[in-house]
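Have a look at the sequence and the model, then read on.

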Amino acid sequence: MLDAIGGTDMVRLTKLAPSSGAAIFTKLESQNPTGSMKDRMALGLITTTEEDGRIIAGDTVLEYTGGSTGTSLAFVAAAKGYSMHAVSCNAFSKEKLDHMVALGAKLTLVPYDGNGITRQVFLDMIEATRKLAAQPHTFWVNQLENVDTIAGYFPLGEEIWAQTNGKVDAFVQAVGTGASLRGVATVLKRYNPKIKIIAWEPAESPVLSGGQQGRHDIEGIGVGYIPQLWDASLVDEVLTVSTDDAKLMARRLSREEQIFGGTSSGGNIQAARRVAEKLGPHARVVTLTIDSGLKYLSTDLYRQ
């Protein structure tokens, strides 16, 4: 099953790309075993920690998570014979929480006020995890600070370069921890420094753009402060996309392109459309369908 991670298809949008703009391609990261690009990070990270002895037989993998990272870690941990303990909260979809448990993870939920995803939500999860990390035989991933999460996305950058035959003008990706953007950007910029790397964040919490943190409803991104793994030197532009626009585009992506993704995937397409309009008809823009829409059926994303 671990060999099933990666090698995802890339498809060209036929209806949602602007008529006078660049071609838009998206990698279907929902094809990974747990339905998320985070499988790449989890495999790379746990393999690295095994190799350097930070995790050994009988240990528990511990992490705070909005859901997809915890699910991917639970998947890889189970395949390699480790226990998994995830710390999350009800700000995130029930499907993600249930999926972690289905893969054998122990789940601890921190209190949640029901008022959207904020910096405090992440800080509460981190603090609860910090206390649990004191237990023996525990490896705390600490994804927002762990540079080892970046290398798991190098193969994604290599796939993008190979599948486009090196003909890519811009890469667009949302920012959560910053690891996926940085991993892909590192590879693409090494091949061609002229490739534009475009990041985006929730319009309600535009901290990378110099604004104030706020509440939003785009799971997996927008932690409310500049993440430690953020590398501005690799990024050519930062855009913002509102929760409403990201959700609307996710619905359009499903109905018009038959690509079933989450809210952040809709945001990726919304941002990519803006980039495509700016670059013009002879360019190519690549983005990601970050995860499967099946992870969000209990939310309002596809209920309308």
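α1 passes α2 in a right-handed crossing (left-handed would mean the near helix is turned anticlockwise from the far one by less than a right angle, right-handed clockwise). This is a predicted model, where local features need pLDDT of at least 70 and side-chain atom pairs count only at pLDDT 80 or more, while totals for chains, interfaces and linings use all residues. Residues are numbered from 1 along each chain as its sequence is written, and side-chain values use heavy atoms, leaving out hydrogens and water.

**Helices α1 and α2**

- Helix α1 covers residues 38-51 and helix α2 residues 68-80; they pack at about 50°, axes 8 Å apart (axes are lines fitted to C-alpha atoms, for helices over the stretch in contact, and angles run from 0 to 180 degrees between N-to-C directions).
- That makes the two helices, α1 and α2, oblique to each other (under 35 degrees is roughly parallel, over 145 roughly antiparallel, 65 to 115 roughly perpendicular, and the rest oblique).
- Helices here are DSSP runs of H or I with at least four residues, strands are E runs of at least two, and both are numbered from the N terminus.
- On the α1 side, the residues that meet α2 include Met41, Leu45 and Ile46, and the α2 side includes Leu73, Val76 and Ala77 (contact means heavy atoms within 4.5 Å).
- The residues of this α1 and α2 contact split into eight nonpolar, four polar and four charged (Ala, Val, Leu, Ile, Met, Phe, Trp, Tyr, Cys and Pro count as nonpolar, Asp, Glu, Lys and Arg as charged, and the others, Gly among them, as polar).

**Helices α5 and α6**

- α5 (residues 154-163) and α6 pack at about 45°, with axes 7 Å apart, and their crossing is right-handed.
- Among the residues making this contact are Phe154 and Trp161 of α5, plus Val184 and Leu188 of α6.
- Serine 180 sits in α6, which spans residues 179-191.
- Serine 180 counts as buried because its relative accessibility is 7% (buried is under 20% relative accessible area, exposed over 50%, partly exposed in between, with a 1.4 Å probe and protein chains only).
- Leaving aside residues up to four places away in sequence, Serine 180 touches Met37, Tyr153 and Gln173.

**The sheet**

- Six strands make an open, mixed sheet in the order β1-β2-β10-β7-β8-β9 (two strands pair if DSSP finds at least two bridges between them).
- β1 (10-12) and β9 (237-241) are at the edges with a single partner strand each, so one side of each has no neighbour in the sheet.
- β1 pairs with β2 (residues 23-28) in the antiparallel sense over three bridges, and valine 11 stands opposite threonine 26 in β2.
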